[in-house]
Amino acid sequence: MPRKKESTLRNCIRELRTATSGMTQQELADRVGVTRQTIVALEGGSYTPSLTLALRITKVFGKTTEAVFQLDE
Amino acid sequence: MNAMEKVAWTELVVCVTAVASVTLLLPWLGDRATTGFALLGLMVFSTLFIRRRGNRVVVDERDREIERKATSIGVSSAWMTLFLVLIAATMWSGYSHVDAVPIRFLNWLIWIQFAICYGVKGLVAVIMYRRQHAA
């Protein structure tokens, strides 16, 4: 029986970060309260953030959640 | 490499070193080779990596998630080892008509379980960090 493919969460954090006056990964990490490696994992798409972290990131960029995170179905 | 990844590597390396030293000591010391498991105590020093430096975050939600999954798999592995060894001991007891196990057998079992728990935990955490970095 074929299994339904799991949805993945895409994001455009890298694009927004570089567009926002060239913010570094460390600066973003410090502002949202995580390590730089977590930002690397987020930008690489290998880590799905918690709702709290996702909301903190969208707040930094002043965007809506849908503008930063998209469900890839 | 972040702080928790260093902790995972420390746990893995210490466990492998302890098991290797016990294996090397076994021909000379016999059952007393379990003293080599004392090296597992070196894992205490891994806490040095998670000291807070300034206002920078050292451990975050991703680390906690990996730690939780790795601990779960490590503890499950240790329990599974216990069950399988006890089943084997019970079967051996029924086969050989010996109704008791020596205390040294339990001593080995406890130390091996301890090493498996932390070794598997460290290995799983290292693999999870490597996978996320590679993606």
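In chain B, helix H2 (residues 61-96) and helix H3 (residues 103-134) pack at an angle of about 145°, their axes lying 8 Å apart. Helices (H or I, at least four residues) and strands (E, at least two) are DSSP runs numbered from the N terminus, while axes are lines fitted to C-alpha atoms, for helices over the stretch in contact, with angles running from 0 to 180 degrees between N-to-C directions. By class, the contact of H2(B) with H3(B) has 17 nonpolar, five polar and three charged residues. Here Ala, Val, Leu, Ile, Met, Phe, Trp, Tyr, Cys and Pro count as nonpolar, Asp, Glu, Lys and Arg as charged, and the others, Gly among them, as polar.

This is a predicted model, in which local features need pLDDT of at least 70 and side-chain atom pairs count only at pLDDT 80 or more, whereas totals for chains, interfaces and linings use all residues. Residues are numbered from 1 along each chain as its sequence is written, and chains are lettered from A and ligands numbered from 1 in the order in which they are written.

Next come the cores. A nonpolar core is a set of buried Ala, Val, Leu, Ile, Met, Phe, Trp, Tyr and Cys residues joined through C-beta atoms within 7 Å; a residue is buried if 20 or more other C-beta atoms lie within 10 Å of its own, exposed if 12 or fewer, and partly exposed in between, with C-beta atoms placed from the backbone. The largest such core has 24 residues, and those touching the most other members include B:Ala8, B:Ala115 and B:Met128. Its largest share, eleven residues, comes from H3(B). A second, separate core of ten residues includes A:Leu28, A:Ala29, A:Val34 and A:Tyr47.

Turning to chain A, its secondary structure comes to five helices and two strands, which run β-α-α-α-α-α-β from the N terminus on. Of its 73 residues, 25% are buried. A:Ser46 sits in the loop between helix H3 (36-44) and helix H4 (51-61) of chain A, and is partly exposed because 15 other C-beta atoms lie within 10 Å.

Finally, the two chains meet in a contact that takes 13 residues from chain A and eight residues from chain B; residues are in contact if their C-beta atoms, placed from the backbone, lie within 7 Å. On the side of chain A that touches chain B, H3(A) gives the most, with four residues. That side has four nonpolar, eight polar and one charged residues.
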